[in-house]
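Here is a friendly briefing on a two-chain model, arranged by topic. Have a look at the sequence and structure, then read on.

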Amino acid sequence: MTAVEPAIEIRRLVKTFVVHAHGGVELAVLRDLNLTVYPGECVALRAPSGAGKSTLLRTIYANYKPQAGTIRVRHADGNIDMVTAEPRHVLAVRRRTIGYVSQFLRAIPRVPTVEVVMEPLRALGVAAKPAAARARDLLMRLGIPERLWSLSPVTFSGGEQQRVNVARGFIAELPILLLDEPTASLDVASRDRVVALIREARERGGTIVGIFHDADVRDAVATRVVDLADLSAA
Amino acid sequence: MIDERPLLSVRGLTKYYGEHLGCRDVGFDLWPGEVLGIVGESGSGKTTVLGCLSGRVPVNGGYANFQTRAGGVVDVLTLTEAKRRRLARTDWGFVHQNPQDGLRMAVTAGGNVGEPLMALGARHYGRVRDEALDWLGRMEIDRERIDDVPATFSGGMQQRLQIARSLVTRPRLVFMDEPTGGLDVSVQARLLDLLRALVRDLGLSAIIVTHDLAVTRLLTQRLLVMRRGEVVESGLTDQVLDDPQHPYSQLLVSSVLQP
């Protein structure tokens with residue numbers, strides 16, 4: 001039997017922001033960071049605000065561009081380094097392997113909620129009907145009232161938008177999920193529904209790296225809690 | 001990824017207008033199904049690049065190899081005028097900023113959409129008209145207006161009609177120059193949404209020149225940032241917009257007002 005391969009393997013990751021408008025001031029956020037995550041794990045990142053938790057998630061998603069290091073991700077029966085992958089390969093990873101749920105929904109005017117949620121499935125080639133059915137199931141489960149499904153989420157409340165975002169992030173059941181405060185503006189009932197989704201994803205063998213401000217949520221979903229500061233080689 | 005060759009491969013594209021630099025050493029690959037945005041302010045060379053690639057502006061150097069529908073690869077920068085026109089008809093679509101540059105203003109809406117099909121050999125009038133009707137509906141233009149001339153349309157309708165005319169032949173590559181440029185904001189949102197759906201449903205490959213970063217976020221997967229005729233940064237659209245590296249890209253992104 002072969003050993004289980006990591007889903008994510010980060011080595012010596014360096015991310016510094018250089019702000020040219022302010023005389024090239026450099027903000028070193030991630031210094032020589034190492035992290036290995038296996039399938040079935042839910043790793044909760046812990047650190048003070050501004051310490052780089054979100055930056056790490058965005059860098060894994062290739063939304064931010066690091067200066068050095070590698071981020072090896074298990075993808076399509078192989079491995080791909082998100083730091084050096086070409087844009088079209090990054091997009092393929094985002095379609096098939098890594099989902100990202102942020103606190104904020106980037107909604108497009110005129111696009112109904114159900115379509116916003118089903119889009120990741122459509123991108124995988126799932127037909128409109130089953131994709132819409134799955135989207136409705138998730139919206140129902142997350143407690144979004146049915147009368148809102150045909151409207152654009154642009155005008156929804158923060159909590160509603162966040163649940164739409166969660167539905168969109170979970171619908172394709174991707175092997176890796178990056179969760180940036182997925183329950184930040186939710187009431188207790190909605191929060192528990194999201195917690196249940198995260199646990200299900202984990203039990204399917206999914207790999208999760210997340211930021212959970214709420215200690216109850218963190219305790220309910222995490223298999224491991226890591227301090228960001230401990231991930232950097234001294 | 002079925003086709004592992006780029007649809008268009010550009011290297012060293014250079015254009016001077018006399019002494020004045022249009023663009024220098026521009027290079028990129030466009031893969032099938034990709035939408036590439038070119039951003040930069042006026043005079044950055046982005047429109048020059050589009051003009052060179054679509055053969056309307058003669059170049060000083062470089063090549064742009066294009067995989068044709070017929071199967072061969074041609075350098076579109078060195079094609080004869082006759083061959084270029086034929087390729088434009090069979091393989092390309094154009095969406096101009098000003099719809100009047102892409103439409104025949106004296107021809108009916110149905111004629112505008114049907115004409116490119118007829119030019120490719122469609123002869124069955126009823127079928128061409130049905131296709132035109134289908135496209136009008138898709139672009140949210142009242143089908144009853146099929147026999148009206150575009151001069152009687154609003155600016156937003158004219159732009160949607162131009163898009164129907166340019167996409168009806170299912171081109172392999174679409175060039176768009178500020179497609180939402182001259183429109184009211186409320187009209188822009190509708191057009192962007194329609195374009196987004198078309199890009200997804202037809203799997204369009206396109207190059208979009210715009211100064212509007214919101215347009216690139218919505219429609220493109222990759223970006224080239226141009227300044228003074230040169231590409232200063234390129235990459236995944238959201239990466240360039242959210243974590244710009246070059247001083248000029250940072251300035252461009254930070255200069256946009258968030259409503």
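**Chain A and chain B at a glance**

In chain A, 70% of the contacts between residues at least 6 apart in sequence join residues at least 24 apart; two residues are in contact if their C-beta atoms, placed from the backbone, lie within 7 Å. This is a predicted model, in which local features need pLDDT of at least 70 and side-chain atom pairs count only at pLDDT 80 or more, while totals for chains, interfaces and linings use all residues. Residues are numbered from 1 along each chain as its sequence is written, and chains are lettered from A and ligands numbered from 1 in the order in which they are written.

**Chain A**

- Chain A has 7 helices and 9 strands (DSSP runs numbered from the N terminus, with helices being H or I of at least four residues and strands E of at least two).
- Its radius of gyration is 18 Å, close to the 17 Å that the globule rule gives for 234 residues, so chain A is as compact as a globular protein of that length (the radius is taken over C-alpha atoms, and the rule is 2.2 Å times the number of residues to the power 0.38).
- Along the principal axes, the C-alpha atoms of chain A fill a box of roughly 55 × 50 × 35 Å.
- Of the 234 residues in chain A, 40% are buried (20 or more other C-beta atoms within 10 Å of the residue's own; exposed means 12 or fewer, partly exposed in between, with C-beta atoms placed from the backbone).

**Chain B**

- Chain B comes to 9 helices and 10 strands, and its C-alpha trace spans about 55 × 45 × 40 Å along the principal axes.
- The radius of gyration of chain B is 18 Å, which agrees with the value near 18 Å for a compact globule of 259 residues.
- Buried residues account for 43% of chain B.
- For contacts in chain B with a separation of 6 or more, 62% are between residues 24 or more positions apart.

**Where the chains meet**

- In chain B, 19 residues are in contact with 14 residues of chain A.
- Helix H6 (185-202), strand E10 (230-236), helix H8 (237-242) and helix H9 (247-254) of chain B each supply at least two residues of the side that touches chain A.
- H9(B) gives the most to that side, with 4 residues.

**Two backbone details in chain B**

- B:Glu178 is not a glycine, yet has a positive phi of about 45°; B:Glu178 sits in the loop between strand E7 (173-177) and H6 of chain B.
- B:Glu178 counts as buried because it has 20 C-beta neighbours inside 10 Å.
- B:Arg228, also not a glycine, has a positive phi of about 45° and lies in the loop between strand E9 (222-227) and E10 of chain B.
- With 14 other C-beta atoms within 10 Å, B:Arg228 is partly exposed.
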